[in-house]
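Got the sequence and the model open side by side? Let's walk through the fold together, from strands to surface to charged pairs.

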Amino acid sequence: MIPIKVPFLGANDTEGVLLEWEVQAGATVALGTTLCSVETTKAVIEVTAEAEGLVYPVVDAGGQVTVSQPIGLIAGHPVDDARGALAAFALDAALPATGATRKAELLLARHGLTVEDARPYANGGRVTEEAANAAIAARHTEDARRGFRPVERVGIVGGGSGGGALIVIDSLMRSGRARAVAVFDRDPALHGREILGVPVVGDSSLAGRWCQEGRIDAVVIAFNRDLAQRQASFETLEREGARFCNVIDSTAELRTGVTLGRGNVILGRAYIGACSSLCDNNFISGGVWLEHGNQLGSHCAFGPGVATSGNVTIGDRVRFGTGIFVEPGISIGDDAVLASGAIVTDHVPPGQVLRVEYAQSLHQSSKRAR
């Protein structure tokens, strides 16, 4: 569709009167056909067709018009409502730099998606409302595959003092799936304050009650230093009937076949490789890379920059420091602690505190044994 617009009328004229239409509504015209004329104070200007097609006027003869005003349209197919079609076209063309219609951008934004998310569904390269709906439907299908369901109001448990609540709230703001409405923290000094605009409403013991009363739809645990306490909080809230949601930053990447339990936090630029499995209540910091086929238990915590190779098995309540590398096929037992900077080349027994010095010694002993 091409709008018919009032052309340039002269240096001192910005408006005129549409004298008459030379063609009837619905008539077929060729490129260059005279469509109508506009009279100014000094001249009569002809308006010609910029393409071939069917003509549909939207301004009657005798109407006042201004330069660049749409006065009709040329369509490639019959149009029942020319004014409505022209208005829709004007709205669609509002943001040409993005290659998306305004309606599509607004629709995508409401669902936490971008124009690039809808680009694969675009017909002819322009992202329309139809392409946006297709991208949203695909997102919902993928969410269902991973065990998500729509969540609107989330309560954040703990993490107010250590910064965990802040980064979880930030990810929720970016995700488009949910919004944080309350923080529950045992530190009384935080009560009555706000974290990124979210109020700290009281002790964590209130979280279960808020779920029961329908004031929140789900909870997620934000503290990650004491993993035994993290597990205890999870189990207490579970007994109280709380539902746990997964918080996944919009920049995190979960590949094909990934499965998740409940209450997992996966922060910015994290990567979960194909066919990996995470159980419940894990805290994955930014920049963590878990390769394909990893099997992760529950209540674990990862510092930034941890990278595991393929087919690594990790037990429950395992703590990873920052900047750790794990070789393929390694098994790490329950309650193990891996210090920052460790390079893990052999299996780690349950409860083992793996310091950098110990990791190097373990590697040397393994080499001698071979």
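Start with β11 (residues 194–195) and β12, two strands that pair in the antiparallel sense over two bridges. Strands here are DSSP runs of E of at least two residues and helices are runs of H or I of at least four, numbered from the N terminus, and two strands count as paired if DSSP finds at least two bridges between them. Before going further, note that this is a predicted model, so local features need pLDDT of at least 70 and side-chain atom pairs count only at pLDDT 80 or more, while totals for chains, interfaces and linings use all residues. Residues are numbered from 1 along each chain as its sequence is written, and side-chain values use heavy atoms, with hydrogens and water left out.

Back to that hairpin. Glu194 has Pro199 in β12 as its bridge partner. Two residues sit between the strands of the hairpin, and Leu196 takes a positive phi near 50 degrees there. On to another partner of β12: strand β10 (residues 179–184) is joined to β12 (residues 198–202) by two bridges, and these two run parallel. As a reminder, strands of a sheet pair through backbone hydrogen bonds, either parallel or antiparallel.

Leu196 turns up again on the surface. Together with Leu166, Ile167 and Met173, Leu196 forms a nonpolar patch with about 350 Å² of accessible area. Patches are built from residues with over 30% relative accessible area and no salt bridge, joining like charges within 9 Å and nonpolar side chains (Val, Leu, Ile, Met, Phe, Trp, Tyr) within 5 Å; the areas come from the Shrake-Rupley method with a 1.4 Å probe, and for residues only the protein chains shown count as cover. Met173 belongs to helix α5. Is Met173 buried or exposed? With a relative accessible area of 54%, Met173 is exposed; the cut-offs are under 20% for buried, over 50% for exposed and partly exposed in between (1.4 Å probe, protein chains only).

Now look at a parallel pair. Strand β9 (residues 153–157) pairs with β13 in the parallel sense over four bridges, and Val154 has Ala218 in β13 as its bridge partner. Which way do the residues of β13 (residues 218–221) point? Ala218 and Val220 go one way and Val219 and Ile221 the other, and all are buried.

Further along, there's an open sheet of five strands in the order β16-β19-β22-β25-β28, with parallel pairing. Its edge strands, each pairing on one side only, are β16 (259–260) and β28. Inside the sheet, β19 (residues 277–278) and β22 (residues 295–296) pair in the parallel sense over two bridges, with Leu296 in β22 as the bridge partner of Leu278.

The loop between β25 and β26 deserves a stop. Asp316 is found there, and at 26% relative accessibility Asp316 counts as partly exposed. Asp316 touches Gly297, Ser298, Cys300, Asp334 and Asp335, leaving out residues up to four places away in sequence; contact means heavy atoms within 4.5 Å. Asp316 and Gly333 are 17 residues apart in sequence and 7.5 Å apart in space, C-alpha to C-alpha.

Arg317 lies in that loop between β25 and β26 too. Neighbours within four places aside, Arg317 is in contact with several residues, among them Leu227, Gln231, His299 and Ala336. Arg317 also forms a salt bridge with Asp335, the closest N and O atoms being 2.6 Å apart. Arg317 lies in the loop between β25 (313–314) and β26 (319–320) and Asp335 in the loop between β28 (331–332) and β29 (337–338), so the pair ties together parts that are 18 residues apart in sequence. Asp335 is partly exposed, at 35% relative accessible area.

How many salt bridges does a search of the whole structure find? The search finds eight, a salt bridge being a side-chain nitrogen of Lys or Arg within 4 Å of a carboxyl oxygen of Asp or Glu. One of them joins Asp249 to Arg174, with the closest N and O atoms 3.2 Å apart. This pair links distant parts of the chain, 75 residues apart: Asp249 in the loop between β14 (247–248) and β15 (253–254), and Arg174 in helix α5 (residues 164–175). Asp249 counts as buried at 5% relative accessibility, whereas Arg174 counts as partly exposed at 37%. Finally, Glu238, Arg262 and Asp280 are linked in a network of salt bridges.
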